[in-house]
Amino acid sequence: MQNETLILEARKILLKTLLKLEQKHRDFFLRMYFFEQQLTIEEAVQRLPIDKLDWALTQAEATLKKINK
């Protein structure tokens, strides 16, 4: 059983984090998870499989921390 509220909030946080990154980082995210698909970052976050959500958010947050050092 999955908590839809948590999933929705995780997607919101992921999108917010990705939008703080440079375009090159968002492009990398799109290539990693949606190779050969032409999606906006918003569409990609909504389509991201639930089992990839935690790792994607972890990566985005780590990239943001690295940039802000």
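This is a predicted model: local features need pLDDT of at least 70, side-chain atom pairs count only at pLDDT 80 or more; totals for chains, interfaces and linings use all residues.

Colleague: Which way does helix 1 cross helix 4, left-handed or right-handed?

Modeller: Helix 1 passes helix 4 in a left-handed crossing. Left-handed means the near helix is turned anticlockwise from the far one by less than a right angle. Helices here are DSSP runs (H or I, at least four residues), numbered from the N terminus.

Colleague: And what about the axes of helix 1 and helix 4, at what angle do they cross?

Modeller: Roughly 30°, and the axes come within 9 Å. Axes are lines fitted to C-alpha atoms over the stretch in contact, with angles from 0 to 180 degrees between N-to-C directions.

Colleague: New topic. Which residues of helix 2 are buried?

Modeller: R26, F29, L30 and Y33, in helix 2 (residues 23-33). Buried means under 20% relative accessible area (1.4 Å probe, protein chains only).

Colleague: What covers them?

Modeller: The cover includes helix 1 (4-20), helix 3 (41-47) and helix 4 (50-67).

Colleague: Back to L14. What is L14 in contact with?

Modeller: Leaving aside neighbours within four places in sequence, L14 is in contact (heavy atoms within 4.5 Å) with F29, V45, L48, L53, A56, L57 and A60.

How values were computed:
Residues are numbered from 1 along each chain as its sequence is written. Side-chain values use heavy atoms; hydrogens and water are left out. Buried means under 20% relative accessible area, exposed over 50%, partly exposed in between (1.4 Å probe, protein chains only). Helices (H or I, at least four residues) and strands (E, at least two) are DSSP runs, numbered from the N terminus.
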